[in-house]
Amino acid sequence: MKTHTLPRVISRLGIALLLVSAIFSTGVVGRETSAAPAATDISAFQQVMPGAGWILFGGDLYWTNNDGAAWTDITPDASAKIAAVTFLDAARGRALLSDSSGYTLAGTEDGGAKWQVTSLKFPELVQADSTVAKAYLGWRADAHGWLVFKLATGSNFSRGLLFVTFDGGGTWE
């Protein structure tokens, strides 16, 4: 069992609370809303380093460097839906995008200012007898990442497909 010192736990909890409270109390910078956002608008978030992190909010991706006091829209320029996001640090991040034609991987090396998009082909998804219910994305180093597609199943079991890359997302096994 891992133990953490109290300040580290407070720091991790603090950024999460600041992320959520900043969204609900002041809204997101650059996005106009006519009503208070619902809790379901927050799909995911990650603290990348102290005081900095991202949030997937209402289908758009935002970044903060000041504990949630201000947010910058870093959504990849695409008409596709963001299915999953991960960042290694404040500069390097990946987003899995989905649309009617399939999946693409967007990558940034400059904190979301520019995104490079790569088309992904997964014949195993086409051959699966279930639709994708949720996607998860993780990156551990520049070249090493993983994707999990959770398939729609019954309540008695859960199925998914795991893919890994060792070349930065060029090929998947």
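## Aromatic pairs and sheet pairing in a predicted model

Phe87 and Trp115 are both buried, where buried means under 20% relative accessible area, exposed over 50% and partly exposed in between, with a 1.4 Å probe and protein chains only. The model is predicted: local features need pLDDT of at least 70, side-chain atom pairs count only at pLDDT 80 or more, and totals for chains, interfaces and linings use all residues. Residues are numbered from 1 along each chain as its sequence is written, and side-chain values use heavy atoms, with hydrogens and water left out.

**Aromatic pairs**

Rings of Phe, Tyr and Trp (its six-membered ring) pair if their centres lie within 6.5 Å; planes under 30 degrees apart count as stacked, over 60 as edge-to-face and the rest as tilted. By this rule there are nine aromatic pairs, including the two below.

| Pair | Centre distance | Angle between planes | Class |
|---|---|---|---|
| Phe87 and Trp115 | 6.4 Å | 85° | edge-to-face |
| Phe149 and Phe163 | 5.9 Å | 75° | edge-to-face |

Phe87 belongs to strand β5 (residues 81–87) and Trp115 to the loop between β7 (102–108) and β8 (116–120), so the pair links distant parts of the chain, 28 residues apart. Phe149 in strand β10 (residues 145–151) and Phe163 in strand β11 (residues 159–165) tie together parts that are 14 residues apart in sequence. Phe149 is buried at a relative accessible area of 0%, and Phe163 is buried at 4%. Both Phe149 and Phe163 belong to one aromatic cluster, together with Tyr103, Phe122, Trp139 and Trp172.

**Secondary structure and the open sheet**

The chain holds two helices and 11 strands. Helices (H or I, at least four residues) and strands (E, at least two) are DSSP runs, numbered from the N terminus. Along the sequence their pattern is α-β-β-β-β-β-β-β-β-α-β-β-β.

Four strands form an open, antiparallel sheet in the order β1-β2-β3-β4; two strands pair if DSSP finds at least two bridges between them. Because β1 (42–49) and β4 (72–73) stand at the edges with a single partner strand each, one side of each is left without a neighbour in the sheet. The antiparallel pairing of β1 with strand β2 (residues 52–57) runs over six bridges. Ala44 has Leu56 in β2 as its bridge partner.

**The chain as a whole**

Of the 173 residues, 36% count as buried. Among contacts (heavy atoms within 4.5 Å) with a separation of 6 or more, 36% join residues 24 or more positions apart. The chain exposes about 10000 Å², of which carbon and sulfur atoms supply 56%; accessible areas come from the Shrake-Rupley method with a 1.4 Å probe.
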